[in-house]
Amino acid sequence: MRSKKVISALIDLRGDVPHTQKIDFWRGPYAQKAARINGVLEYRQHHFITNQPGHWPTIFRVDTVVQPLSRIDGMEEYVLKPATANRHRKLTGIYGETVFADRVLYQSNVESCRTLRHCTRHPQTTYREIVLIRRKPSVRLDDFQSFIQNNLAPAIAEVSGFSEVRYQLFDVSQKKRNTDLWDYNAMLVLGAADASTFLEALESPSFLGTLRGQEKQCAAIHAYPVEVSYVFTKAGRPTLPQTKPQPKPTLTPVRRRLPPAPRRATRKSGRTPFPRAWRIPLSGYGPEDVVVDDQGRLICGVEDGRILRIDPEQHLEETIGDTGGRPLGLEVLPDGRLLVCDAHKGLLRLNTKTGVIETLVQYVEGVPLRFCSNAATESDGTIWFTESSNRYDFEQYTGALMEHRPSGRLFRRDPDGRIEVVLEDLHFANGLTLSSGEQAVIFAETDGYRLNRLWIRGPQAGKREILAANLPGFPDNISRLKDSKFWVAMMTNRNPLLDRLGTAPVFLRKLLWRVPERLQPKPAKTAWAMLFDEQGNCLLDLQSSTIDYHAVTGVVESRGMLYFASIEEQALLAVELMPDKNRNNSARS
């Protein structure tokens with residue numbers, strides 16, 4: 001089998017294009033195209049800090065100073081299937097003409113690259129430097145490469161302060177672009193928890209013991225501090241959410257045995273008679289969530305990216321913002337602004353008075369948010385939010401369900417902007433809310449058919465427990481009430497076929513995934529929401545399969561009314577609730 005190819009591209013950005021515009025294009029439209037070239041297995045971008053030197057020490061008779069005219073703006077790393085290399089080089093060259101002034105490619109076999117790791121668990125890498133090395137003309141290439149892979153890189157890997165150590169030996173015969181300006185023979189990628197830890201690591205005895213060897217072997221060592229690194233393709237799958245329809249990704253199913261669904265899953269109506277309901281037409285399709293502002297107006301986001309505000313009594317609709325993506329979950333903030341989870345753009349914040357949108361989170365640890373789903377905010381400004389899947393886009397969410405592989409995550413964004421991955425490997429993480437007193441986060445796993453509680457304060461802080469298990473349907477968005485109760489939107493009933501697919505042969509699930517969407521089995525059409533308390537008890541179960549509305553993904557209660565939202569409707573649904581006393585009597589019957 002032919003070896004995979006590794007390409008490192010040194011990037012010089014055009015000087016006649018504004019900096020922000022260059023960066024946005026490189027990590028946006030360019031990355032979308034480059035990451036989706038057939039045969040690309042891994043793809044990273046490293047954006048260097050402008051006009052800042054690296055921390056590599058001064059070494060006698062070694063050039064360690066990057067001259068202004070020879071500075072590099074960034075670097076790309078690709079791992080490719082062998083047959084892809086020539087096509088990739090041509091296509092990325094065409095894509096990059098908009099912002100690249102120059103681009104030098106170094107190619108190697110994957111055997112010439114290695115990642116060295118410590119035995120202990122690494123801290124998160126927040127500081128990184130790319131180190132480009134040129135050998136002395138008097139040193140044989142074999143001797144230089146042996147020094148890098150057998151002496152320098154292993155010695156660096158022994159230093160506990162480094163959380164990332166990788167090297168690549170360049171095949172100079174495969175260098176594309178005849179220039180001596182960026183003539184290098186090897187590269188190191190070094191990371192640490194922060195810049196101070198990085199500096200301390202360079203002062204360690206293990207590293208200092210390599211200085212004589214560096215002086216003997218190296219003509220130049222140029223270190224570039226990295227402002228941000230991105231991962232745009234991982235294990236052959238683009239990490240970017242699609243901005244236009246894309247082919248279905250490969251399904252990689254896992255075996256998963258689910259408990260038998262409760263008998264309630266077979267019924268298409270609840271015990272409580274469904275109240276009087278009517279549609280509220282919208283000018284856009286697919287409101288995934290619905291919230292209420294302090295004046296009782298409804299807010300939802302629709303398929304074309306607009307955020308709509310509706311006066312349910314006056315039947316007036318207005319557009320208060322446009323994300324340019326696909327808005328999903330919403331959260332009204334105390335100051336009137338609106339959090340928007342956008343499937344294409346990440347976590348956003350909308351000024352509902354001016355329409356100005358700011359991006360709060362688009363990348364987590366350099367990986368794009370692929371499917372930002374829902375958010376809830378603490379009183380101090382801390383934001384909790386979910387990503388339903390890091391493997392499938394919103395437009396192809398059924399793949400995550402059929403695969404039965406947990407790929408959802410729960411995040412926390414602190415008021416200072418720091419992001420932490422709190423939980424991983426969730427079964428389609430979805431709606432969430434905060435408990436009374438902000439002691440816990442309650443969140444839904446749609447494909448897990450359950451509600452979870454994660455304690456964030458008190459003696460049980462950090463403990464996760466199941467609040468309601470083996471639900472009869474697919475829980476979606478959650479809406480918080482003031483009396484320690486919350487509504488859960490139920491998209492549809494459990495599907496026996498989907499449950500059985502967890503133990504079905506892999507080939508069968510892959511075959512079913514290839515079937516066009518229009519020919520696949522359709523879920524039951526029903527309108528459904530359940531009311532829970534914080535002990536996980538269902539207090540009210542409202543479902544109807546006879547009204548003209550289905551696939552409820554959002555729900556909110558306001559002024560004696562319940563409002564449904566659906567990704568498959570061009571309307572909201574207004575439901576007339578009964579008084580609380582009658583609700584309790586109905587729930588007991």
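**Exercise 1. In what order do the strands of the open sheet that contains β13, β14, β15 and β16 stand, and is their pairing parallel or antiparallel?**

Solution. The structure is a predicted model, in which local features need pLDDT of at least 70 and side-chain atom pairs count only at pLDDT 80 or more, while totals for chains, interfaces and linings use all residues. Residues are numbered from 1 along each chain as its sequence is written, and side-chain values use heavy atoms, with hydrogens and water left out.

Step 1. Strands are DSSP runs (E, at least two residues), numbered from the N terminus, and two of them pair if DSSP finds at least two bridges between them.
Step 2. The order is β13-β14-β15-β16, and the pairing is antiparallel.
Step 3. At the edges stand β13 (290-292) and β16 (316-322), each of which pairs on one side only.
Step 4. From one strand to the next, the twist averages 25°; such angles run from 0 to 180 degrees between N-to-C directions of lines fitted to C-alpha atoms.
Step 5. β13 is joined to β14 (residues 298-301) by three bridges, and Val291 has Ile299 in β14 as its bridge partner.

**Exercise 2. Identify the edge strands of the open sheet that contains β35, and explain what their position leaves without a neighbour.**

Solution.
Step 1. This sheet has four strands in the order β12-β37-β36-β35, paired antiparallel.
Step 2. β12 (277-281) and β35 (552-558) each have a single partner strand, so one side of each lacks a neighbour in the sheet.
Step 3. The twist from one strand to the next averages 25°.
Step 4. Between β36 (residues 561-566) and β37 (residues 571-576) there are four bridges; Phe564 is partnered with Leu573 in β37.

**Exercise 3. Describe the hairpin formed by β17 and β18.**

Solution.
Step 1. β17 (residues 327-332) pairs with β18 (residues 338-342) in the antiparallel sense, over four bridges.
Step 2. Opposite Val332 stands Leu338 in β18.
Step 3. Five residues lie between the two strands, and Gly336 in the turn has a positive phi of about 95°.

**Exercise 4. Characterise the contact between domain 1 and domain 2.**

Solution.
Step 1. The domain assignment, automatic or from a database, gives domain 1 (5-237) and domain 2 (245-262 + 277-576).
Step 2. The domain centres, taken over C-alpha atoms, are 40 Å apart.
Step 3. Eight residues of domain 1 and eleven residues of domain 2 take part in the contact (heavy atoms within 4.5 Å).
Step 4. About 840 Å² is buried between the domains, 44% of it from carbon and sulfur atoms; buried area is the accessible area (1.4 Å probe) that two parts lose on being put together, summed over both.
Step 5. On the domain 1 side, strand β10 (residues 218-234) gives the most, with four residues.
Step 6. Zero salt bridges are counted between the domains (a side-chain nitrogen of Lys or Arg within 4 Å of a carboxyl oxygen of Asp or Glu).
Step 7. Three residue pairs, both residues at pLDDT 80 or more, are in polar contact (a pair of N or O atoms within 3.5 Å, one able to donate a hydrogen and the other to accept it, where residues adjacent in sequence count only if both atoms are side-chain atoms).
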